[in-house]
Amino acid sequence: MSSRRFKSILKLSILSAIMAFTSNAFADPVRAAFVYIGPTGDHGWTFAHDQGAKYVKEKMGDDVAITTVESVEENADAERVITSLARKNDIIFTTSFGYMNQTVKVAKRYPDVKFEHATGYMLADNVSVYSARFYEGRHVIGKIAGRMTKSNVIGYIASFPIPEVIRGINSAYLAAKSVNPDVQMKIVWVYTWYDPGKEADAANALIAQGADILMQHTDSTAAMSVAEEKGIHAFGQASDMREWGLNAQLTGIIDDWGPYYLDRIQAVKDGTWASSDTFDGVQQGMVKFAPMNNNMPTDVKNEAMKAIIDLSMGAIHPFTGPINKQDGSPWLAEGETPPNFPDLLTMDFYVEGIDSKYPN
Amino acid sequence: MIRLIPRVENSNLMILLAPILALTLTAISAYIIFVFILVDIEVSSIFYTLFVEPLTDSYYLSEVFVKAAPLIIIAIGLAIGFRAGIWNIGAEGQYVIGGIAGSAVGLYFYDVEGFWIMPLMALAGILGGMFYASIAAFLRIRYQVNEILVTLMLTYVAVLFLSAMLQGPLRNPSGFNFPESRMFHDSALLPIIWEGTRVNISLIVAIVFSFVSWFAIKKHMSGMQIKITGSAPRAAKFAGFDDNKTVLYSLMISGGLAGLAGLFEAAGPAGQLTPGLPQFYGFTAIIVAFLARLHPIGIIFSASLIALTYVGGENVQIDYNLPSSITQIFQGMLLFYFLACDILIKYKIVLFKPNR
Amino acid sequence: MTEGLLINIFIGITIASTPLIFAAIGELLVERSGVLNLGVEGMMIVGALLGFIVISHTNNPYLAVLAALLAGMAIASIFAFLTQFLLTNQVATGLALTLFGLGFAAFAGRDYTEVTIDLIGPIYIPILSEIPYLGPALFSLNSLVYLAFFMVFLVWWFLFKTKQGLILRAIGDNHDAAHAIGHKVIRYRVMAILFGGAMAGLGGAFLSLVQVPIWGEGMTAGRGWIALGLVVFASWQPFRVILGAILFGGITVLQLHAQGFDIRISAQYLSMLPYLATIIILVSLRMRLKNKTNRTVPNCLGRIFHSTT
């Protein structure tokens, strides 16, 4: 081989080597995994997360490899599932509170893997938490419900008395009351996130007791179906449930996780990921709404749209004083809004006016 | 025409062969089903992930042990009762109550360290399970109420009680009101015996219990008492064996063991008391016991096999995006074939022409 | 408003109890023949799934109900074959059936979780349905509800008013004697098991076709086990099954209502009531009958029959 030839080959090799070393740290696709608490077919909570995952796949194409695991129980087995995923992925999203301790345990053993825990509160160098201000969504549907109810009874199907659920109840009630001082809320606790039969039973019981509008903090479309069948109204939960409530669904709260997931996975790819604590709402686009049903009167629709716009501009806060707790003690003074911690994140009281006993 | 002639003695050859035959038949059936339903997935690789991979990987192997331990403990207790014809279907409920009782003790002493805490918790777990099972024993002895019904109904009650306890007295005061207990402190956690994994002393306890049970059955009179009572209650009564005592003891033992398993789960892999404590170990243990033909040592093997299908099945779920129900189908079929092949042990199959 | 509420509660109770009635009356016949089939949960869920699948493809409620019935029978036939011809232990086989049924249904149904169907609605009888209060409460219920009650009557009539029913009961009490007389023990038991499967399938179908128009894995949520308890609760008497189912379904529904009425007992303890009530009532029934020699339990329940002749 001539010396010139040899030199050009050498140059080419060195150039290639440099390029290989300095090119993007993840020339291979980023491997992201999602742990779901229910089936994606719930068309509620898990469905919304899965939509977020699909959004990322759509945007990043071959740059990302996504694994999803459904119906993982919140127990010791979850630790094994998360560990299995940690061995083969770069970032893992655990989408339910009950995975908190397991996520933290596994994160300790896999410091190079990133973990994102939904609705939790434990952080670490490689663990972020994220949640959405669903109570902002409740504010909007609360106003609609207050206006649309004729019997002045709103039925609420609640899952577990955890702060997130309590926030939703309080926010919905305050909003409804603000447009309809006579409104009352009946709350049934089903102690499950997903059980279509039980949710339907609860819906029927609430309707029998006079509710003509339903809200839910459970994951299936059962209540919406019951509402449609009985000819009353309801709101979609976590996703657009219009298919099960053509007439019944006035609107719905939609959890839009896609942009957040894209952001975090892209950060892993770019090497810029850092532990964070996200609590976003309408303003950041994490909480969205299903289209308003045409059978809503225009003035109600406009009022709801205005509330959405106010929220998206950060102009209003669903919890703005004066508000007292259920036992009469003061919580927020005139014009005061609560801090995230401890008021919102550990909320364990009903606001004044709700006449149900606080579950304990 | 096929005739079944009862053998004089169980065929020893078949005791070894039948399980293998059952496994083979299950594998073949599963293969056929999967090939039909899962067109674009390599079925043999599923089998590998399900059966072989957990054995070759030290983490998954450790997890098989973690899952096998509670199954062994509960199944040993259940087998005692089943031999006596006493059907404790509600071991899951006793497991939960034992878990609550033991955890409560650990939580009560959350700011105290001491080597005596864990044994105390274990004792509380055993007593809790024992007490809960004795309700069914009492109702059966006094009112002849069938224990299948009572233990089953009480299982639901136990799970609801767990939820109530986690919502109330046992809830973590600094846990943002989520229905979970505090994380257990060091004295309340089971010692790990395999460094780097979740395998704890419950595995040793399980194996010890199974050997103890084996010796007890071989040597002690009550083993024979239970054997006889199960197969012919009236004859047993004539021979002076007390039916009621058998009911009480077998239910209390199986309840106590189930309760201990519950505490082990909370103080072991979970490290706290959560609503996720019930994992159907109480029901799966019934299957484990039957697969082992109620033999204490056999239970170690059948529990390991079932645990293997759980861990392997989970990996199949993750790697191939198949639903977790695939494991249940497999376990169900395994049990079907096992029970079917069992007949070869007890009967001889004879072909003969019917008389004209 | 209160009358409307009472009617609503009444209808809610019938909806909650109907699947239990179907499953329990089927199992009652099976146990009367001396067989204990713990696989009710598995049979119910398979029925629920098959009914759902058929109606989502054909939109024909009759076909769907028939499919559920046949599905229950098909899966019960596995149990029948194993226990009656291969002489396997009934408790273990029943549990295996539950496990297999649940797993199979979850697997086969995984593509149907996002499908929605039209529920089978209540019937309408001209004139009768118009009667105030009684009309909606009694004459406008779902057709499957009426079928369930009819099945109870049918089983009662069969067991106590026909020769075959008598034979079946005799088999349940003493299969060796029955065999010695010349009755076909295995044949009766297989028939009974298949009937039990059909009924369980119908019970499951009620869940997916009437109660909620969704399919979800595990949607039977333990009703099969409750049905087993109801058979014991009913002391193997057909009409008492209705009582038990209404009691159980009723308390389940009332517990939800109680929350709405803000009764100050926590939800978990309220939810325990149906299970505790079942035990308590069973005990009190036994207490009253303690002095009579009450052999309502079919003597041969769970024992394997093997003829050597």
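## Where chains A and C meet

Two residues are in contact here if their C-beta atoms, placed from the backbone, lie within 7 Å. With that in hand, and remembering that this is a predicted model, look at where chain C touches chain A: 28 residues of chain C and 31 residues of chain A take part.

## Two domains in chain A

Chain A is assigned two domains: domain 1 covers 30-132 + 257-280, and domain 2 covers 134-256 + 286-344. Their C-alpha centres sit 27 Å apart.

The two domains of chain A do touch, with 17 residues of domain 1 in contact with 17 residues of domain 2. On the domain 1 side, helix 2 (45-60), helix 9 (258-270) and strand 11 (277-280) of chain A supply at least two residues each. Helix 2 of chain A gives the largest share, four residues. By class, that side of domain 1 has nine nonpolar, six polar and two charged residues.

## A sheet in chain A

Now for a sheet. Chain A has an open one of six strands, in the order 7-6-8-9-10-12, and the pairing is mixed. Strand 7 (184-189) and strand 12 (287-289) of chain A are the edges, each pairing on one side only. From one strand to the next, the twist averages 20 degrees.

Zoom in on strand 8 (residues 213-216) and strand 9 (residues 233-238) of chain A: they run parallel and are joined by two bridges. Which residue in strand 9 of chain A is the bridge partner of A:Ile213? That would be A:His233. Helix 7 (residues 196-208) of chain A lies across strand 6 (153-158), strand 7 and strand 8 of chain A, and runs at about 160 degrees to strand 6.

## The largest nonpolar core

The largest nonpolar core has 343 residues, and the ones touching the most other members are B:Ile74, B:Ala75 and B:Ala289. Helix 3 (residues 58-83) of chain B provides the largest share of this core, 16 residues. Domain 1 and domain 2 of chain A both give residues to the core as well, so it lies between them.

What does B:Ala75 touch, leaving out residues up to four places away in sequence? Its contacts are B:Ala285, B:Val288, B:Ala289, B:Ile299 and B:Ala303.

How values were computed: Residues numbered from 1 in each chain as written. Chains lettered and ligands numbered in written order. Predicted model: local features only at pLDDT ≥ 70, side-chain atom pairs only at ≥ 80, totals over all residues. Domains from an automatic or database assignment. Nonpolar A, V, L, I, M, F, W, Y, C, P; charged D, E, K, R; others polar. Pairing = 2+ DSSP bridges. Axes fitted to C-alpha atoms, helices over the stretch in contact; angles between N-to-C directions. Core = buried A, V, L, I, M, F, W, Y, C linked by C-beta atoms within 7 Å. Buried ≥ 20, exposed ≤ 12 C-beta atoms within 10 Å, placed from the backbone.
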